[in-house]
Amino acid sequence: MISRRLLTSIALFLSGCAGTQQGYPSLAKRAVEGAPMAEVAPPPAPAAADPALKAQIDKLSAQAQAGKAAFDQAYVAADRATQAARGAAVSSEGWVAAQVAISTLESTRNDSVSALASLDTLYVARSNAIAEGQEQGGTDEIDAARSKALAIVDGQNDRLDALKGRLVQP
């Protein structure tokens, strides 16, 4: 019984190999494959930002730096308050003082977060204007400033998370 099934399977497999080779394309090199290739033109050099855009980018970068400075200054008090409240019960005096210090710290970073959001909006608006042919260049400068602002905000988020991690959560 098994040998009969085996013979049937082998016959089916071998029948797939017994076809003619007339319907398959040749693997020889075609004429179009030997034709010379056109050279790809290098991308155009990015256009520099216009003075008005550059001034706006500088203003937003300064705003992000101001938010960083305010955050760094307020961080000392929040760090001290959360160290003192480490392990304190929820709603205890030390825990509430630490929560107030963290809230104050979060409000000092408003300038950096706002600058990052404005740079994001400016980047999208400029990219759309370039795509529509209304403007030229400037996205590289915006992206560089945006990357710096993002690094500031990410650092602030990490430091806030570390402070909040010290406190007992309700």
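View 1. Leucine 14 is found in helix α1, which comprises residues 2–15, and the model in which it is shown here is a predicted one. With a relative accessible area of 54%, leucine 14 is exposed. Together with Leu6 and Ile10, Leu14 forms a nonpolar patch on the surface, and the three residues have about 290 Å² of accessible area together. An α-helix has 3.6 residues a turn, so residues three or four places apart point the same way.

**View 2. Helix α3 and its buried side.** Helix α3 covers residues 93–108, and its 16 residues should span 22 Å at 1.5 Å a residue, which agrees with the 23 Å that separates its end C-alpha atoms. The buried residues of α3 are Trp95, Ala98, Ala101, Ile102, Leu105 and Thr108. Because they cover an arc of only 140° around the axis, these residues lie on the same side of α3. The cover over the buried residues of α3 includes helix α2 (51–84), helix α4 (110–131) and helix α5 (139–166).

**View 3. Threonine 82, a buried residue of helix α2.** Threonine 82 has its place in helix α2, and with a relative accessible area of 0% threonine 82 is buried. When residues up to four places away in sequence are not counted, threonine 82 touches Ala98, Ile102, Leu163, Arg166 and Leu167.

View 4. Helix α4 has 22 residues and reaches 32 Å from its first C-alpha to its last, close to the 32 Å expected at 1.5 Å a residue. In α4 the buried residues are Ser112, Ala115, Leu116, Leu119, Leu122, Arg126 and Ala129. They cover an arc of only 155° around the axis, which means that they sit on the same side of α4. Asn110, Thr121 and Ala131, by contrast, are exposed on the other side of α4. Helices α2 and α5 are included in what covers the buried residues of α4. Just after α4, glycine 133 takes a positive phi of about 80°.

View 5. Which residues is threonine 139 in contact with, leaving aside its neighbours within four places in sequence? They are Tyr123, Arg126, Ser127 and Ile130. Threonine 139 has its place in helix α5 and is buried, with a relative accessible area of 17%, a value that falls in the buried class because that class takes residues under 20%.

View 6. The side chains of aspartate 72 and arginine 159 meet in a salt bridge, at 2.8 Å from N to O. This pair links distant parts of the chain, with aspartate 72 in helix α2 and arginine 159 in helix α5, 87 residues apart. Aspartate 72 is partly exposed, with a relative accessible area of 27%, and arginine 159 likewise counts as partly exposed, at 29% relative accessibility. Glutamate 106 forms a salt bridge with lysine 164, and the closest N and O atoms of this pair are 2.6 Å apart. Here too the pair links distant parts of the chain, glutamate 106 being in helix α3 and lysine 164 in helix α5, 58 residues apart. Glutamate 106 counts as partly exposed at 32% relative accessibility, and lysine 164 is partly exposed with a relative accessible area of 33%.

**View 7. The salt bridge between glutamate 33 and arginine 30.** The side chains of glutamate 33 and arginine 30 meet in a salt bridge, with a distance of 2.9 Å from N to O. How exposed is each of the two residues? Glutamate 33 is partly exposed, with a relative accessible area of 41%, whereas arginine 30 is exposed, with a relative accessible area of 54%; arginine 30 falls in the exposed class because that class takes values over 50%. The count of salt bridges in the model comes to 8.

Definitions and conventions:
Residues are numbered from 1 along each chain as its sequence is written. This is a predicted model: local features need pLDDT of at least 70, side-chain atom pairs count only at pLDDT 80 or more; totals for chains, interfaces and linings use all residues. Side-chain values use heavy atoms; hydrogens and water are left out. Helices (H or I, at least four residues) and strands (E, at least two) are DSSP runs, numbered from the N terminus. The expected span of a helix is 1.5 Å times one less than its number of residues. Buried means under 20% relative accessible area, exposed over 50%, partly exposed in between (1.4 Å probe, protein chains only). The arc is that of the directions from the helix axis to the C-beta atoms. Contact means heavy atoms within 4.5 Å. Patches are made of residues with over 30% relative accessible area and no salt bridge: like charges are joined within 9 Å, nonpolar side chains (Val, Leu, Ile, Met, Phe, Trp, Tyr) within 5 Å. Accessible areas come from the Shrake-Rupley method with a 1.4 Å probe; for residues, only the protein chains shown count as cover. A salt bridge is a side-chain nitrogen of Lys or Arg within 4 Å of a carboxyl oxygen of Asp or Glu.
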